[in-house]
Amino acid sequence: MRTVYVNGVYLPEDQAQVSIFDRGFLFGDAVYEVTAVMNGQMVDFDAHMDRLQRSMSELDMKNGYDRKDLLTIQKKLIEKNNLKEGLVYLQVTRGVADRDFDFSDLDVKPGLVLFTQVKKLEANPLAARGQKIVLADDLRWGRSDIKTVQLLYSSLMKTRAKRQGADDVWLCRDGKITEGSSNNAYIVTHNNEIVTRELSTDILHGITRASVLRIARLHQLKIVERAFSVDELLSAREAFSTSASGFVNPVVNVNGTAISDGEPGHVTTALRASYVAESQSASTRQSL
Ligand code: PDD
């Protein structure tokens with residue numbers, strides 16, 4: 001059984017409890033991070049903590065936690081669960097209070113919950129066979145750049161995609177792709193340009209996105225940060241997604257139409273290999 005962390009204590013997962021008055025539960029008033037673990041080490045810890053900080057400040061949340069403490073807790077949890085490859089989930093909620101839309105007078109310590117998940121990140125079957133995706137309107141709230149736990153729309157759309165035999169959903173606004181249910185979205189054009197939507201309030205500022213674009217630049221690949229249309233996607237040379245939980249994963253079919261020959265593309269495969277190699281090396285490990 002896993003050991004999890006809840007508000008200061010490490011417990012077996014079936015003994016961990018949170019209050020029904022936790023604002024994360026009542027209002028979705030919580031932010032989170034999912035960090036990959038490779039060889040027992042967190043990938044891009046600092047970048048995840050920077051984004052957590054940003055999510056909290058955008059929501060006027062008090063920062064009750066020190067980064068060093070968060071590092072210690074995550075390391076301990078990885079150790080206690082003997083996690084070699086998988087994910088660490090960290091959630092900060094605004095805290096526990098009687099139900100009230102107004103939180104201006106709230107003076108409580110934010111809640112903190114963490115758990116680990118075993119996951120094959122390197123040998124992900126989707127990397128070999130490529131993902132089938134379907135498209136849906138992006139009807140999420142207008143601050144997708146904040147990593148809140150309000151994930152119902154994405155969860156519903158992904159479930160419907162799965163029921164249709166697809167692996168995931170990509171979301172569209174005004175005929176252009178925003179991002180996937182829990183990943184950033186890319187195409188490779190016939191001019192070998194990597195196109196991905198520019199950073200704005202429309203998408204999550206992916207940590208894997210930043211690393212993959214840096215790696216692509218090192219490989220002299222041209223990157224264009226702009227929104228791409230559904231038509232461009234359908235006629236692209238390659239398409240792929242990035243996230244901490246999937247790394248770089250090819251997209252080979254969209255709404256039943258094959259992308260190129262329906263096989264994972266060369267650029268995608270090369271970027272995945274470089275990213276996996278980097279995540280296994282010391283270069284992205286926590287600096288504290
Ligand atoms: N999701 N876009 C959305 C909407 C996401 O939820 C995620 C990550 C990403 C990719 O961000 P990153 O590269 O920092 O993981 C993009 C995590 C993995 C999740 O919710 O499980």
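This note goes through salt bridges, then strands and helices, of a predicted model.

1. Ground rules. Residues are numbered from 1 along each chain as its sequence is written, and side-chain values use heavy atoms, with hydrogens and water left out. The model is predicted: local features need pLDDT of at least 70, side-chain atom pairs count only at pLDDT 80 or more, and totals for chains, interfaces and linings use all residues.

2. Salt bridge count. Side chains of opposite charge can pair when their charged atoms come close. The structure holds 21 salt bridges (a side-chain nitrogen of Lys or Arg within 4 Å of a carboxyl oxygen of Asp or Glu).

3. R2 and E13. These two form a salt bridge, with the closest N and O atoms 3.2 Å apart. The pair links distant parts of the chain, eleven residues apart. R2 sits in the segment before β1 (3-6), and E13 in the loop between β2 (9-12) and α1 (23-27). Helices (H or I, at least four residues) and strands (E, at least two) are DSSP runs, numbered from the N terminus. R2 counts as partly exposed, at 30% relative accessibility. E13 counts as partly exposed at 34%. The classes are buried (under 20% relative accessible area), exposed (over 50%) and partly exposed (in between), with a 1.4 Å probe and protein chains only.

4. E58 and R143. Their side chains meet in a salt bridge at 2.8 Å, N to O. E58 lies in helix α2 (residues 45-58) and R143 in the loop between β7 (131-137) and α5 (152-163), so the pair ties together parts that are 85 residues apart in sequence. E58 is partly exposed at 35% relative accessibility. R143 is partly exposed too, with a relative accessible area of 24%.

5. E225 forms a salt bridge with R217; the closest N and O atoms are 3.5 Å apart. E225 is partly exposed at 34%, and R217 is partly exposed at 46%. Salt bridges that share partners also join D138, R140, R173, E179, R197 and D202 into one network.

6. Strand β7. How many of the seven residues of β7 are buried? Five are, so β7 is largely enclosed by the rest of the structure.

7. Crossover. The chain passes from β7 through α5 to β8, and this β-α-β crossover is right-handed. That is, with the strands pointing away from the viewer, the path from the first strand over the helix to the second runs clockwise.

8. Helix α5. Its twelve residues should span 16 Å at 1.5 Å a residue, and the end C-alpha atoms are 16 Å apart, which agrees. The expected span is 1.5 Å times one less than the number of residues. The buried residues are Y153, S154, M157 and A161. Seen down the axis of α5, they fall within an arc of 95°, so they line one face of the helix. The arc is that of the directions from the helix axis to the C-beta atoms. These buried residues pack against β7 and β8 (contact means heavy atoms within 4.5 Å). The face turned away from the buried side carries the exposed residues L152 and R163. Just after α5, G165 takes a positive phi of about 90°.

9. Strands β8 and β9. Four of the five residues of β9 (residues 176-180) are buried, so β9 is largely enclosed by the rest of the structure. Three bridges join β8 to β9, and the two run antiparallel. R173 has K176 as its bridge partner in β9. The hairpin of β8 and β9 has two residues between the strands, and D174 takes a positive phi near 55° there. R173 also belongs to the salt-bridge network of point 5.

10. Helix α8. This helix (residues 266-280) has 15 residues, which should span 21 Å at 1.5 Å a residue; the end C-alpha atoms are 21 Å apart, which agrees. V267, T268, L271, R272, Y275, V276, E278 and S279 are buried. Seen down the axis of α8, the buried residues fall within an arc of 160°, so they line one face of the helix.

Terms used
Two strands pair if DSSP finds at least two bridges between them.
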